[in-house]
Amino acid sequence: MRSPRPYSPQTGPGAQSLTERRKAATQLDIARAACSLFAERGPDGTTAEDIAHRAGVALRTFYRYFRNKQEAVGPLLATGGERWRSVLAEETPGTPLGEALERAITRSLADPQTVEEGLEVTRGLLRAAADDPALRAVWYRVNQDSEEQLVPVIARLAGEGADPLGVRLLAAAATDAIRIALELWATTDAPRTGPASPAELAVRSLRELTGAMPLLARSGEVRGTARPSA
């Protein structure tokens with residue numbers, strides 16, 4: 001049975017009350033503590049008690065939100081997807097989709113705050129997940145959730161009459177491009193910006209995965225115009 005998704009944010013007008021926002025903030029504090037400890041000690045060397053102590057919460061509070069220690073990283077992983085979808089949503093409908101996707105990927109993965117606070121945490125976490133199936137399962141589920149939430153964003157940009165299959169395929173390809181880029185980058189000591197960075201690898205992956213997609217041809221794509229910033 002799938003576990004609850006306490007870190008899946010609600011969207012829409014008035015989606016979260018003050019209480020819900022406080023709960024989300026607590027979950028994120030716990031997630032930061034879990035990611036930090038996993039990177040330092042590995043999953044085997046970290047307990048739920050350790051995470052609760054690092055986060056400054058009671059153990060019962062930890063288990064109120066998460067079934068196990070691996071589940072605790074979900075909220076922090078999910079913030080990356082939220083950030084890049086919000087950047088993509090700022091694009092104007094009718095903009096060539098490949099260009100919009102590349103620009104959003106580059107902006108989100110090369111954003112100074114992401115580079116400074118998020119990428120090294122992600123690298124440490126993905127390295128820790130290499131030998132922990134439960135931690136990898138959380139990573140894959142967060143990516144699946146992100147892909148599902150990306151579909152309406154791409155559909156809006158694609159406009160009326162866009163093929164639903166094409167929209168779903170493009171959402172899957174864009175999500176996988178970022179996932180693969182981060183996974184590959186995490187196995188190296190490559191820099192966070194510039195050549196072989198997550199932004200550069202993700203744009204390369206996106207181009208490889210979407211080069212022949214009809215939905216991009218429909219929008220009159222001219223590929224290769226958006227470049228990752230150094």
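A: A charge sits over a ring if NZ of Lys or CZ of Arg is within 6 Å of the ring centre and within 35 degrees of the ring normal. Arg123 and Trp185 provide a case: the charged end of Arg123 lies over the Trp185 ring, 3.7 Å from its centre.

The model is predicted; local features need pLDDT of at least 70, side-chain atom pairs count only at pLDDT 80 or more, and totals for chains, interfaces and linings use all residues. Residues are numbered from 1 along each chain as its sequence is written, and side-chain values use heavy atoms, with hydrogens and water left out.

Rings of Phe, Tyr and Trp (its six-membered ring) pair if their centres lie within 6.5 Å; planes under 30 degrees apart are stacked, over 60 edge-to-face, and the rest tilted. The structure has 3 aromatic pairs. The ring centres of Phe62 and Phe66 are 5.7 Å apart and the planes meet at 50°, so this pair is tilted. Both Phe62 and Phe66 are buried, that is, under 20% relative accessible area with a 1.4 Å probe and protein chains only. Phe62 and Phe66 also belong to one aromatic cluster with Tyr63 and Tyr65.

As for the chain, 47% of its 230 residues are buried. It contains 10 helices and 0 strands, where helices are DSSP runs of H or I with at least four residues and strands are E runs of at least two. Of the contacts (heavy atoms within 4.5 Å) with a separation of 6 or more, 70% join residues 24 or more positions apart.

Terms used: Buried means under 20% relative accessible area, exposed over 50%, partly exposed in between (1.4 Å probe, protein chains only).
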